[in-house]
Amino acid sequence: MSDSTNHPIGRSRLCAREALTDQLTRAKADDRPSREELEPGCIYSVFDVLPAGISLFLGLVSSEQIARNPDQILADLVVDPIPAPVHENTPLEIVKNRLENEHLAALAVFNDSGDFIGAVTRTSLIDALLKREKELLSDESHRHAELSTNRDPSPSWSEQLRSLSLATRSLLRIMNTIKLERHLLESSLEYLTRLLSARYGAIGIFDEQGQVAEFIYTGLSEEQAQRIEHWPEGKGLLGRALARNQFLRLQNLHEHPHAAGFPPGHPPMRNLLAVSISHNGETYGRLYLCDKTDGGFFDGDDELLVATFADTLALAIRNIWNKEGRRRAEEQLRIAASVFETSSEGILITDAKANIVMVNRALTTITGYSKDEVIGRKPSMFSSGRHDRKFYRQMWLSLDESGQWQGEIWNKRKSGEIYPEWLSITALKDDGHQVIRYIGVFADLSSRKFTNSLVDQLINHDHLTELPNRLMFRNHLKKAILRAHGERKQAALLYLDIDRFKTINDTFGHQIGDRLLQQVAERLTKCLRENGRTRRGDVVARLGGDEFALIVNDLGGPDDANKIAQRVLEAFTEPFLFGDRTRRITVTIGIALSPRDAENVDDLIRHADLAMYDAKHQGRNTYQFYSGKIHEKNSTRLDLENDLYNALERREFSLHYQPQVDLRNGRIVSMEALIRWNHPDRGMIPPDQFVPLLEDTGLINPVGDWVLEQACRDCLQFGKILGTDLSVSVNLSGHQFRNNLTKIIGYILSRVGLSPSRLKLELTESLAMQQVQETIAVLDQLADMGIDVLIDDFGTGYSSLSYLRQFKISALKIDKSFIAGACLETDDGKIIRAIIGLAHNLNLQVVAEGVESPEQLEFLRSHHCHFGQGYLFGRPLPLSEIAQLAGRRMDRGGPLN
């Protein structure tokens with residue numbers, strides 16, 4: 001260990017290994033602890049043993065997860081995909097950010113050998129920080145004593161700065177992790193006054209209304225403090241200066257013409273150094289020091305040290321205020337739940353089939369039924385018999401069309417008494433427009449106690465942005481359509497979402513994502529204002545997630561809607577606030593007009609949605625009007641997507657194989673498996689049309705597993721057909737690569753009986769460079785299993801050579817777009833030679849795909865490319881036809897097939 005680690009600052013940099021939780025239990029995938037064995041806060045590390053004898057770390061499970069899911073084994077509870085682990089030397093700042101931003105209960109820790117050594121939780125991280133802070137404060141105390149004994153009593157500027165840096169960093173780290181505590185502020189203030197040789201010091205902390213909520217002082221005895229009638233209120237010179245965020249440094253306080261002095265009973269003070277505790281224009285308090293113990297004056301260096309301390313304290317207080325804001329938001333949700341239970345109106349909630357699932361206390365009071373007598377039954381149990389079938393038929397018709405119904409109705413209590421009530425029913429729908437709940441709110445009109453404002457707010461408005469939600473939006477849209485039809489105008493629906501919002505959420509965390517949604521809501525609302533006011537009937541709504549909608553009335557035609565869309569795009573040119581930084585974001589908009597494009601709510605929404613997705617395919621950050629061509633194109637896509645769900649079951653997929661040839665001797669060394677879809681009505685569908693649909697629908701996982709297993713089975717047949725054993729090469733998607741790939745492959749190889757050395761996997765360059773550390777971990781596991789991995793389409797993406805050196809891969813596969821122009825005089829030829837040279841230097845093999853001419857073959861041979869693939873050697877063939885390749889040498893390319 002180096003000497004630097006003995007210095008307090010050096011030792012303050014904690015790593016993951018120093019914060020491992022001691023509440024960790026190793027468990028097998030099929031094990032399940034009994035309820036008696038579950039300890040609160042315990043973390044289980046789950047492992048599986050593959051058929052090949054490989055111990056595979058599956059992930060972490062908390063005791064709380066196990067308790068909530070009594071019917072699942074440990075392997076079923078592991079998060080999928082597994083959060084990427086951290087190295088044991090990872091600084092705790094990074095571990096803390098991972099836990100908070102990714103909402104993890106715990107984070108796995110690995111050592112240099114790739115072995116799992118434990119886990120870090122928020123609790124263990126805080127324990128490690130607190131333990132280290134105690135050590136640092138103790139060390140600093142001893143060091144200060146030594147300085148006082150062995151050196152000049154006045155520490156040098158560099159010593160002061162180093163000591164204050166340690167104190168402020170410790171203060172900020174502890175406060176960000178725990179909370180603002182008075183004893184920490186007192187210790188920090190004493191530390192600061194000692195460093196600057198001040199006799200007195202004080203910190204006044206404001207509340208969010210700007211009033212002094214906490215006053216901390218040092219240098220005064222208890223007797224002196226009791227004689228002071230009240231603490232300084234900042235009404236004199238000090239308050240006036242600090243209100244303008246100015247420094248104040250006076251050699252003689254009493255000689256200043258505007259000094260108001262201190263409160264009665266306050267000890268006399270001569271010189272003063274004061275600064276406001278503020279950040280980004282927000283003031284959180286004030287800090288001042290008085291009277292140098294050596295009789296001198298505060299100087300510029302003292303001022304800089306105090307400012308540094310005040311900046312750190314401001315950041316800590318701002319963090320605490322933010323946490324308090326979140327706490328209040330959670331309290332509001334609890335209040336809403338309390339309102340449900342304590343409301344004077346009866347409230348019942350049913351499922352989609354109108355079975356009652358929840359009622360409040362007022363319902364039982366009004367009807368006379370207990371909760372147990374109501375749950376699971378239909379609301380018709382309250383029917384009085386006074387209303388005919390037509391009444392209820394119109395009620396359900398209104399619910400189906402608009403999602404709401406309200407009116408006066410007569411119902412019957414348990415006692416048999418018939419009474420009038422005012423009933424409001426709302427149908428809640430999911431993003432797929434399917435009803436998931438019905439909410440009924442009613443007031444007993446016989447007692448004239450009726451209110452619905454709070455429930456209306458909860459049901460009809462988005463809690464985050466306070467905009468109308470999907471339910472209220474549909475009502476506004478229906479009115480806009482009727483108005484446009486009656487006044488012979490056009491109403492426009494602008495359907496939009498934020499481009500790459502998921503990436504923003506994953507990168508910056510859901511708190512930043514929520515704040516961004518609020519900022520988007522504010523800007524969209526301003527887009528609809530003219531002369532500071534929103535026109536009658538124009539609405540901005542949040543439909544869910546990152547989807548918003550604008551309803552604009554009284555338009556003459558598409559040109560007017562075009563101006564609104566331009567206004568929205570221009571509003572997003574200004575950056576948004578992402579925590580302490582700013583970022584630019586874009587939106588994509590789909591536009592549909594009524595009555596031009598549709599005359600009912602559902603069709604207009606569907607057409608605007610189609611236009612938006614068409615705009616996304618055109619590159620995002622733009623807008624698109626609905627047209628019939630968009631509908632036709634989307635209809636074809638939806639038909640294909642629908643047919644894909646049954647294609648695997650109906651055995652419509654097949655594999656074709658294209659040979660990969662050793663360019664040195666012309667022999668076939670491997671076969672690449674290529675999926676084909678033989679549609680029963682449309683015939684062969686090109687892979688570029690259906691593979692993206694597999695990705696979008698999530699079907700890529702089951703279809704990809706089928707391709708892997710079928711390719712391994714066919715590989716066993718190559719030797720029988722061609723007279724020599726070959727390997728098989730299979731392309732991977734991003735979903736497969738990060739979805740327990742090694743576990744799935746180990747199972748398939750064991751089941752089929754194929755050696756891992758005969759299976760090769762192809763991973764695109766762009767996919768490999770996503771989540772690089774996770775890629776490295778998976779490639780290491782595949783290498784340990786004896787499976788070769790090739791980087792496909794090399795040269796078309798963006799690779800970091802530093803990462804490329806860390807990838808355990810066997811070959812680079814040059815994209816066919818370069819091979820088409822392969823000759824000495826072209827840029828493509830230069831790129832090919834550069835890639836081959838790079839591969840040779842990294843001890844990697846090179847495969848060229850798309851070889852179609854003898855000239856291309858000769859060029860590749862002359863530059864020592866190892867392998868080739870393309871129509872020159874053979875087109876992709878089904879297994880039943882690859883016998884024609886038997887015994888063929890490809891040293892001259894062979895005939896085109």
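**Salt bridges and cores: a working chat**

Mentor: Start with lysine 414. Lysine 414 makes a salt bridge with glutamate 373, and the closest N and O atoms are 2.6 Å apart. Keep in mind that this is a predicted model.

Trainee: Where do lysine 414 and glutamate 373 lie?

Mentor: Lysine 414 is in the loop between strand S14 (404-412) and strand S15 (418-429). Glutamate 373 is in helix H12 (residues 371-374).

Trainee: What does arginine 413 meet in a salt bridge?

Mentor: Aspartate 444. The N to O distance is 3.1 Å. Arginine 413 sits in the loop between S14 and S15, while aspartate 444 belongs to strand S16 (residues 435-444). That pair links distant parts of the chain, 31 residues apart.

Trainee: Are aspartate 444 and arginine 413 buried or exposed?

Mentor: Both aspartate 444 and arginine 413 are buried.

Trainee: How many salt bridges does the structure hold?

Mentor: The structure holds 24. One of them joins lysine 743 to aspartate 48, with the closest N and O atoms 3.5 Å apart.

Trainee: How far apart in sequence are lysine 743 and aspartate 48?

Mentor: 695 residues. Lysine 743 is in helix H24 (residues 741-752) and aspartate 48 in strand S2 (residues 43-49), so the bridge ties those parts together.

Trainee: Why does aspartate 48 count as buried?

Mentor: Because its relative accessibility is 18%, and buried means under 20%. Lysine 743 is partly exposed, at 26%.

Trainee: Which residues are linked in a network of salt bridges?

Mentor: Glu672, Glu762, Lys813 and Glu849.

Trainee: Switching topic. How many residues are in the largest nonpolar core?

Mentor: The largest core has 78 residues. Those with the most contacts inside it are Ile745, Leu759, Leu761, Phe807, Ile809 and Leu860. Helix H22 (residues 700-722) gives the most to this core, with 9 residues.

Trainee: What is leucine 761 in contact with, leaving aside neighbours within four places in sequence?

Mentor: Leucine 761 is in contact with Leu708, Val730, Leu732, Ile745, Leu782, Ile787, Asp788, Val789 and Leu790.

Trainee: And what does the second, separate core include?

Mentor: That second core has 37 residues. Among them are Leu494, Leu555, Val568 and Tyr623.

Notes: Residues numbered from 1 in each chain as written. Predicted model: local features only at pLDDT ≥ 70, side-chain atom pairs only at ≥ 80, totals over all residues. Heavy atoms only, no water. Core = buried A, V, L, I, M, F, W, Y, C linked by side-chain atoms within 4.5 Å. Buried < 20%, exposed > 50% of the residue type's maximum accessible area, 1.4 Å probe, protein only. Helix = DSSP H or I, 4+ residues; strand = E, 2+ residues; numbered from the N terminus. Contact = heavy atoms within 4.5 Å. Salt bridge = Lys/Arg side-chain N within 4 Å of Asp/Glu carboxyl O.
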